[in-house]
Amino acid sequence: MNLSHIQSRMAEICPVAVVGNAPNYSRWNAESLQDRLIDLNDQANAIRSQAQREGRDLTESEAADVDRIIADFEAVENELGSRGSKGRKTEPGAPAGGGLVQRTSIEDMIRPNAAQTIAAMFPRDTHGFKNLAEFMAALASERGDSRLRVGPPIHAAGMTEGTGSSGGFLVPPQFLAEILGPAFVESGILSRVSVVPMTSSAVMIAGFNNTDSHAGGAIGGLTMEWVGEGQQLSSQTGKVRAVTMRPKKGAVLVEITNELLMDSPAASIQLREIMSAAARFGLEAAILTGNGVGRPLGLLNDNAKIVISKETSQAADTINYQNIIKMVARIHPSLLPGSIWVANPTTLTQLLNIQRPIKNVAGAENVGGDILPVFQTGVGGTFSLLGLPLVFSEALPVLGDAGDLVLASFGEYQLGLRADARIDVSTELKFDYDKSVFRLILRADGLSRWDQALQPMYGDTLTWATLLEERAG
């Protein structure tokens, strides 16, 4: 029996058999093909994460592996496309009857999102503990545990093992990733920012220099020119500026009674939730409102933001249809698909009642209004405004103040995060209160890529973020 006959027979018996140098995807069912896409996605992320943890670019071998993965990915997509299959009918383990699920794109596979970057920054080191609950049980135990490590946290001390009498214990970095990760997954803002791992006291990144007007209207100042055969091309220099980020320190201090600490499963859950929520709010607030002094520079203080004026005779503490359509009109068109609204919760009643005014024939006065599907609610308490996602944050000013409603493409915001973030715990600082103290230390900086709003080829200036001016009484 020759080799080709054996391969053919194996393919008939098992559709995942490899035929020649590549799998015979024509014999795979749709579910197996979708699983293959997920597997290829994981392979690419593993290569990228390894290089990112080591602070380097991909090696030639790794780049070749990524190219192979992309080619394999495209082969699977082509096979699905030839069958008219656009996605898995349901997620693995999901109940039957679900809708189509969007497939992973090559861009998503290669370009990590914020949560993936956070996961890659911290080593998969648990100090030998199975989970956070076991670590906290070791803290509560009166017996020494060689897996507990002491750094220079609450009280300055050298690195030792076993007891925490001279300092605080370090929470294993894998558990730190489990605490920070949900903040970047669940937050509509943090999940969209561009996270830049910082490995030094300062990192230089590229930003857009929009200081000069240009004829092409492209972000960055480069334009395409049309030339005839044999004609010389004009040399162009992109308008890119160097921006330096220097990490600022943020901290969260949490006290936990030792009675709760002994109930380690419940304590670990509560610790994860409260620290994740605190980190999420602190970073969101800095991205939205930070003044750049000892903290990141936020949207409300960004030089490139555009403030939309209120309408003539607009009543105090209101938001109307003209306000929001003018905010949309000043976002750069290429950024609109990834933009989201962020509003203070006090604006909700106004947003729910937005109407499009109807004018008389002469257009001189309003004669009525109708409620269009401008503001919509979705499954799971999600919201959208003019088709773009809407999230709420109490970090923004209240209704009527400038910035109570903003529209932004947060992919244009660079959040630099030091990989030496850590959580320490001391059983001694509050010894007389029978409490343990957990401390989260983050060092971060942030600002947008833009130095100012862009003057396009025609029309008004455009930007990455707009907000409403004050309308207080």
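Accessible areas here come from the Shrake-Rupley method with a 1.4 Å probe, and for residues only the protein chains shown count as cover. On that basis, the protein chain exposes about 24400 Å², of which carbon and sulfur atoms supply 52%. This is a predicted model, in which local features need pLDDT of at least 70 and side-chain atom pairs count only at pLDDT 80 or more, while totals for chains, interfaces and linings use all residues. Residues are numbered from 1 along each chain as its sequence is written, and side-chain values use heavy atoms, with hydrogens and water left out.

**The whole chain**

Begin with the cartoon view, which contains 11 helices and 21 strands. Both are DSSP runs numbered from the N terminus: helices are H or I with at least four residues, and strands are E with at least two. Of the 473 residues, 42% count as buried, that is, under 20% relative accessible area; exposed means over 50% and partly exposed lies in between (1.4 Å probe, protein chains only). Contact means heavy atoms within 4.5 Å. Among contacts between residues at least 6 apart in sequence, 71% join residues at least 24 apart.

**Helix H7**

Next, select residues 173-186, which form helix H7. The expected span of a helix is 1.5 Å times one less than its number of residues. For the 14 residues of H7 this gives 20 Å, and the end C-alpha atoms are 20 Å apart, which agrees. Look then at Leu-180, where a kink of about 25 degrees lies shortly before the proline Pro-182; the bend at a residue is the angle between axes fitted to the seven residues ending there and the seven starting there. In H7, 10 of the 14 residues are buried, so the helix is largely enclosed by the rest of the structure. Among them are Phe-175, Leu-176, Ile-179 and Phe-184.

**Phe-135 and the nonpolar core**

From Phe-175, move to Phe-135, which touches it as well as Phe-129, Leu-148, Leu-170 and others. A nonpolar core is a set of buried Ala, Val, Leu, Ile, Met, Phe, Trp, Tyr and Cys residues joined through side-chain atoms within 4.5 Å. The largest such core has 84 residues, and Phe-135 is one of those with the most contacts inside it, together with Trp-341, Phe-410, Phe-438 and Trp-464. Helix H9 (residues 264-289) gives the most to this core, with eight residues. Another core, of 13 residues, lies apart from it and includes Leu-37, Ala-44, Ile-70 and Val-76.

**Aromatic pairs**

Rings of Phe, Tyr and Trp (its six-membered ring) pair if their centres lie within 6.5 Å; planes under 30 degrees apart count as stacked, over 60 as edge-to-face and the rest as tilted. By this rule there are five aromatic pairs. Select Phe-129 with Phe-135: the ring centres are 5.3 Å apart and the planes lie at 85 degrees, so the pair is edge-to-face. Phe-375 and Phe-383 form a tilted pair, 5.6 Å centre to centre with 35 degrees between the planes.

**Two loop serines**

Finally, select Ser-409, in the loop between strand S17 (405-408) and strand S18 (413-418). Ser-409 counts as buried at 6% relative accessibility. Not counting residues up to four places away in sequence, Ser-409 touches Leu-335, Gly-338, Ser-339 and Trp-464. Ser-201 lies in the loop between strand S6 (194-198) and strand S7 (203-208) and counts as exposed at 58% relative accessibility.
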